[in-house]
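Subject: Structure for you to look at

Hello,

Here is the structure I promised to pass on. Please open it first and then read the notes below it.

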Amino acid sequence: MPLPTLASGGLHLRRTLDSGQAFRWRWETSPDGSEIAVGILGRHRVRVSQDARGIHVLPPTSAAGRDALVGYLALGTRHRRGGSDRAALPAIESALAQDPVLARILPHTRGTGLLVQNPWEVVISFIISQNNNIPKIARSIDHLARALGEPLGDGVHAFPTPERLAAAHPRTLRACHLGYRAPYVREGARRVADGRLDLDALRVLPEDRARDALREVPGIGDKVADCILLFALGRAATFPVDVWVRRAVERLYFRGQRRSMRELRAFARERFGPLAGYAQQHLFAYARGHFRDPRDS
DNA sequence: GGGCAGGTGTAAT
DNA sequence: ATTACACCTGCC
């Protein structure tokens with residue numbers, strides 16, 4: 001059975017893949033009406049769906065693709081990884097539900113997990129994300145992959161390597177609609193390619209040191225650095241504050257009063273501790289669902 | 001057309 | 001340590 005059904009472990013596939021932490025997933029509807037996520041993990045094109053029985057890895061996903069998916073979704077990693085505990089999602093959500101605000105939100109967002117993504121891809125993806133919106137971010141990344149990524153067949157391309165991206169002609173980047181972010185992307189790629197930014201080395205640094213190292217790259221500020229730490233480097237205590245999370249925290253915890261970035265970070269650390277990253281995911285999802293119009297609550 | 005979108009760099013306070 | 005502004009681009 002090369003493509004088994006995997007225990008969901010409390011993971012809600014759709015909520016997780018659509019939560020804004022990854023940009024290369026597409027959804028298709030199968031003949032029986034079920035929804036199938038199609039994505040690219042490294043050099044593997046993978047297809048996956050979920051129903052009451054669990055998470056199904058679907059053809060033509062290879063065995064290697066299946067393994068990549070298990071790691072990516074953090075399935076079967078109930079115990080220690082990289083020296084830190086990764087508790088099962090239901091246990092995490094039970095802990096978060098001690099907070100009355102999250103207890104109210106969780107029914108809408110339960111199952112939103114943190115992915116274990118490739119740091120290089122996350123660095124570039126979130127540099128592109130600044131002052132941008134999700135459809136446009138996804139489009140730019142898709143353009144980059146087509147222009148510079150290894151072809152994997154069927155018109156699908158891997159994410160470009162640092163070397164290829166660093167060597168890309170400005171004209172090529174221009175065609176990816178990166179706008180003023182193009183020089184940031186290029187410089188980030190150069191630094192990863194030549195070792196000035198050693199992403200693997202960041203894994204063993206204290207969180208603050210790793211954030212400082214990331215912030216040295218032009219185009220990476222506090223928010224993008226936090227996203228990289230949370231979505232690719234396993235730092236679940238990190239609390240990226242974007243406009244949506246800010247809105248959610250200020251309205252739900254501070255009666256709509258404006259708080260400084262510093263206050264918001266301190267709040268998250270005190271309130272959610274090592275699970276702040278998960279709390280952020282829930283607050284973000286809820287805010288996007290309910291605060292679309294800045295006037296309503 | 002002006003404003004905004006999952007920020008950041010820069011200059012000024 | 002905070003605040004104001006510009007910024008590619010696509011969309012309303």
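Sugar or phosphate supplies 59% of the atoms of DNA strand C that lie within 4 Å of the protein, and bases supply the rest. Please keep in mind that this is a predicted model.

The residues around DNA strand C are Asn131, Lys136, Arg139, Arg174, His177, Gly179, Tyr180, Arg181 and Arg262. Sorted by class, this surface has 5 charged, 3 polar and 1 nonpolar residues. Lys136 places a polar side-chain atom 2.7 Å from a base oxygen of DNA strand C. His177 has a polar side-chain atom 3.2 Å from a phosphate oxygen of DNA strand C. Tyr180 uses its backbone: one of its N or O atoms is 3.0 Å from a sugar or linking oxygen of DNA strand C.

Now the other strand. DNA strand B is surrounded by 26 residues, and the closest are Gly20, Ile134, Gly219, Gly221 and Val224. Of the atoms of DNA strand B that come within 4 Å of the protein, 59% belong to sugar and phosphate. The surface near DNA strand B consists of 13 nonpolar, 8 polar and 5 charged residues.

Which helices each supply at least two residues of the surface near DNA strand B? They are helix 12 (222-232), helix 13 (243-253) and helix 15 (276-290). Helix 12 gives the largest share of this surface, with 5 residues.

The contacts with DNA strand B that I noted are these:

- Val224: a polar backbone atom is 2.9 Å from a phosphate oxygen of DNA strand B.
- Arg288: a polar side-chain atom is 3.2 Å from a phosphate oxygen of DNA strand B.
- Ser19: a polar backbone atom is 3.5 Å from a base oxygen of DNA strand B.

The last topic is salt bridges within the protein. How many does the structure hold? The count is 22.

One of them joins Arg43 and Glu150, whose side chains meet at 2.9 Å, N to O. Arg43 sits in the loop between strand 3 (35-41) and strand 4 (44-51), while Glu150 sits in the loop between helix 6 (134-148) and strand 8 (151-153), so the pair ties together parts that are 107 residues apart in sequence. Is Arg43 buried or exposed? Arg43 has a relative accessible area of 57%, so it counts as exposed. Glu150, at 34%, is partly exposed.

Another salt bridge links Asp18 and Arg14, with the closest N and O atoms 2.9 Å apart. Asp18 is partly exposed, with a relative accessible area of 41%. Arg14 also counts as partly exposed, at 29% relative accessibility.

Asp67 and Arg66 form a salt bridge too, at 3.1 Å from N to O. Asp67 is partly exposed, with a relative accessible area of 47%. Arg66 has a relative accessible area of 18%, so it is buried, since the cut-off is under 20%.

Finally, some salt bridges join into a network, which links Glu207, Asp208, Arg211, Arg215, Asp222, Asp226 and Arg265.

Regards

Definitions and conventions: Residues numbered from 1 in each chain as written. Chains lettered and ligands numbered in written order. Predicted model: local features only at pLDDT ≥ 70, side-chain atom pairs only at ≥ 80, totals over all residues. Heavy atoms only, no water. Near = heavy atom within 4 Å. Polar contact = N/O pair within 3.5 Å; in protein donor to acceptor, adjacent residues only side chain to side chain. Helix = DSSP H or I, 4+ residues; strand = E, 2+ residues; numbered from the N terminus. Nonpolar A, V, L, I, M, F, W, Y, C, P; charged D, E, K, R; others polar. Salt bridge = Lys/Arg side-chain N within 4 Å of Asp/Glu carboxyl O. Buried < 20%, exposed > 50% of the residue type's maximum accessible area, 1.4 Å probe, protein only.
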